[in-house]
Amino acid sequence: MNTFTPTETHRSEAGSFMMLMLVVIAAGLGVVALILRLFSPQIRKYAAGGVCRSTARLDGKVALITGANSGIGKETALDLASRGARVIMACRDVEKGEEAATEIRARVGGAKVEVRELDLADTCSIRAFAQRFLQEVDHLHILVNNAGIMMCPYMKTVDGFEMHIGVNHLGHFLLTYLLIGLLKRSAPSRIVVVSSLAHNFGWIRFHDLHSQGSYNSGLAYCQSKLANVLFTRELARRLHGSNVTVNSVHPGTVRSELMRHSTAMSLLFAVFSMFLKTPKEGAQTSVYCAIAEELQSISGKHFSDCAPAFVAPQGRNEETARKLWDATSTFMGLFPNRVGGALFPVRAGPTGVLDGELSQRCKKRVTSSCSSIVCMCLQHLCYQY
Ligand SMILES: NC(=O)c1ccc[n+]([C@@H]2O[C@H](COP(=O)([O-])OP(=O)(O)OC[C@H]3O[C@@H](n4cnc5c(N)ncnc54)[C@H](OP(=O)(O)O)[C@@H]3O)[C@@H](O)[C@H]2O)c1
C-alpha cells in the first residue's frame, strides 16, 4: 500500500531533480576543467600574444621608463637593460624602485639601471625630476610613458586634477614636453606611450575633463587612455621631420597590480588569469615600439601584439587631438604652440588650476562601479577580436 501523500511525492521528485541538476553542473564544470587543463599550453600561447623578435642591442643608449618598479614597466626595464641600455627607472616610491632594480641586476649581469623619484601626480615633482635629469644625463634615446593608475576612487593630484587624467595624461604630457629638447638632440629617438584598448570606450569630456560634475572610475580611465592616443597623434604631427618618433601601445590584458583599486576586477582577473598575459608578455609591444628596426620612421601610430592596431574613430580625430593639446597646455601652464628645445612654463610650481573655489563647488556624483566593470569586461571581450 502507498503511504506517501501527493505533497510528499512532489517533494521527493523535486529533491531528485535538484540532485540531478547538481550532478549535471558538477559534470559540466569537470569537463570544462579537463578541457582547460588539456589545452592549457595552447591557451597560454594564444593569450601571450605577439613577441618582439628584434635582436637589436642598445649599448650606449639611454632609456627612461615611468612606473618601472612593477608590472609591464619593470619588464620593459629588464628587457632594455638586457640589451645594454642605461635604463633610468622613474618611480614614485624609490624604495619599491630600488627593489625592482636589485631584481633586474640579479637577473641581468652588468645591468645599468638607476632609480629616480618621479611622482606624476605632482607637477613640482615632474619639474624637479626633469631639471635634475637634464643636468645629469646627456642623451635620451627612448622614453616610455608607462606609469598608470586605473579605477581608483575619486582622487585629485597635488595640483587638483582628477587622478586618472592627471597621472596617465597630464603628468606624462608635462614630462615629455620638458624632455623633448633632449630627445631631439639625441635623435634618432623614440617615445612610447602606453595606452590601452580601453581608449575605445572613452571620450574627451572637454566640459568636465576632471570629472567634477560626475565621476565614474572606469570611464575616467578610458578617457585618460584615449587622451594618450590623441596626445601621440598630435605630438607625432608636431615632431614631423625631427627624427623623434612617438607611437602608442595597447599591451594586452595583463596580470599586474593595476587592478588594485577594484576588488571586482581583481577577482575577475584572478579567475581568468590563465587567459591573461604575464607582465613580460605585456611588455613585448612597448619593447617592440622602442627598438624594432622597421619602425624607425613610423610615428603617430597605435600598436598591439607587436603589430599595428585598430584606433577608435574618436582617437583618430585631429581636431579633438589639437583641442586636447591646447587644453592640456593651459592646465600645465605652457604656451600651447611651442614644442621645441625649451619649454615656456608660465608657473614654476603647482598650477592650482582646479584648486580653491572650483573644487569647493565640485559636485561629485560617484556612480556605482557596476558600469565600470561592464565597461572593462567589454574591453576584455573586444580584445579577443
Ligand atoms: N594590466 C593591463 O591589463 C593593462 C591593459 C592596458 C593598459 N595597461 C597600461 O599599462 C601601464 C602599466 O600598467 P601595469 O599593468 O604594469 O600596472 P602596475 O603594475 O600597477 O604599474 C603601474 C605603475 O605606475 C606607477 N604609478 C602609478 N601612479 C604613479 C604616479 N603618480 N607617479 C609615478 N608612477 C606612478 C606605479 O607605481 P606604484 O607601484 O608606486 O603604485 C607602477 O609602477 C599603465 O599605463 C596601464 O594603463 C595595462
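A residue is called buried here if 20 or more other C-beta atoms lie within 10 Å of its own, exposed if 12 or fewer, and partly exposed in between, with C-beta atoms placed from the backbone. What you're looking at is a predicted model, where local features need pLDDT of at least 70, side-chain atom pairs count only at pLDDT 80 or more, and totals for chains, interfaces and linings use all residues. Residue numbers start from 1 along each chain as its sequence is written.

View 1. M151 isn't a glycine, yet its phi is positive, at about 50°. Look for M151 in the loop between β4 and α6. Because M151 has 23 C-beta neighbours inside 10 Å, it counts as buried. N243 is another non-glycine with a positive phi, near 70°, and its place is the loop between α7 (217-238) and β6. With 15 C-beta neighbours inside 10 Å, N243 counts as partly exposed.

**View 2. The whole chain.** The protein chain has 13 helices and eight strands. Helices (H or I, at least four residues) and strands (E, at least two) are DSSP runs, numbered from the N terminus. Of the 385 residues in the chain, 46% are buried. Take the contacts (C-beta atoms, placed from the backbone, within 7 Å) between residues at least 6 apart in sequence: 76% of them join residues at least 24 apart.

View 3. An unreviewed UniProt entry places the feature "transmembrane region" here, at residues 16-36. UniProt positions follow the numbering used here, feature names are shortened, and annotations may be inferred rather than shown by experiment. In the model the span is 100% helix and 0% strand, and its end C-alpha atoms lie 30 Å apart.

**View 4. The eight-stranded sheet.** Follow the open sheet in the order β3-β2-β1-β4-β5-β6-β7-β8, with mixed pairing. β3 (112-117) and β8 (307-308) stand at the edges with a single partner strand each, so one side of each has no neighbour in the sheet. Strands count as paired if DSSP finds at least two bridges between them. β7 and β8 pair in the antiparallel sense over two bridges, and S304 has A307 in β8 as its bridge partner. Helix α4 (residues 94-107) packs on the sheet, where it touches β2 and β3, and its direction makes about 175° with that of β3.

View 5. β2 is largely enclosed by the rest of the structure, because six of its six residues are buried. R86, I88 and A90 cover one side of β2, with V87, M89 and C91 on the other. β1 and β2 are parallel, paired over five bridges, and L64 stands opposite I88 in β2. For β5, too, six of six residues are buried: S189, I191 and V193 on one side, and R190, V192 and V194 on the other. β4 and β5 pair in the parallel sense over four bridges, with L143 opposite I191 in β5.

**View 6. Helix α3 and A77.** α3 lies across β1 (62-66), β2 (86-91), β3, β4 and β5, running at about 170° to β1. Axes are lines fitted to C-alpha atoms, for helices over the stretch in contact, and angles run from 0 to 180 degrees between N-to-C directions. A77 sits in this helix and is buried, with 32 other C-beta atoms within 10 Å. Leaving out residues up to four places away in sequence, A77 touches I65, A68, V87, M89, I104 and V113. A77 and A111 are 34 residues apart in sequence, but 9.9 Å apart in space, C-alpha to C-alpha.

**View 7. The shell around the ligand.** There are 29 residues around the ligand, and G67, G71, A147, G148 and S256 come nearest. A residue joins the shell if its C-beta atom, placed from the backbone, lies within 6 Å of the molecule. Helix α3 (residues 71-82) gives the most to this shell, with three residues. The shell divides into twelve nonpolar, twelve polar and five charged residues. Ala, Val, Leu, Ile, Met, Phe, Trp, Tyr, Cys and Pro count as nonpolar, Asp, Glu, Lys and Arg as charged, and the others, Gly among them, as polar.

**View 8. Helix α10.** All eight of the eight residues in α10 (residues 284-291) are buried. They pack against α3, β4 (142-145), β5 (189-194), β6 (244-250), α9 (279-282) and β7 (302-304).

Technical notes. Two residues are in contact if their C-beta atoms, placed from the backbone, lie within 7 Å.
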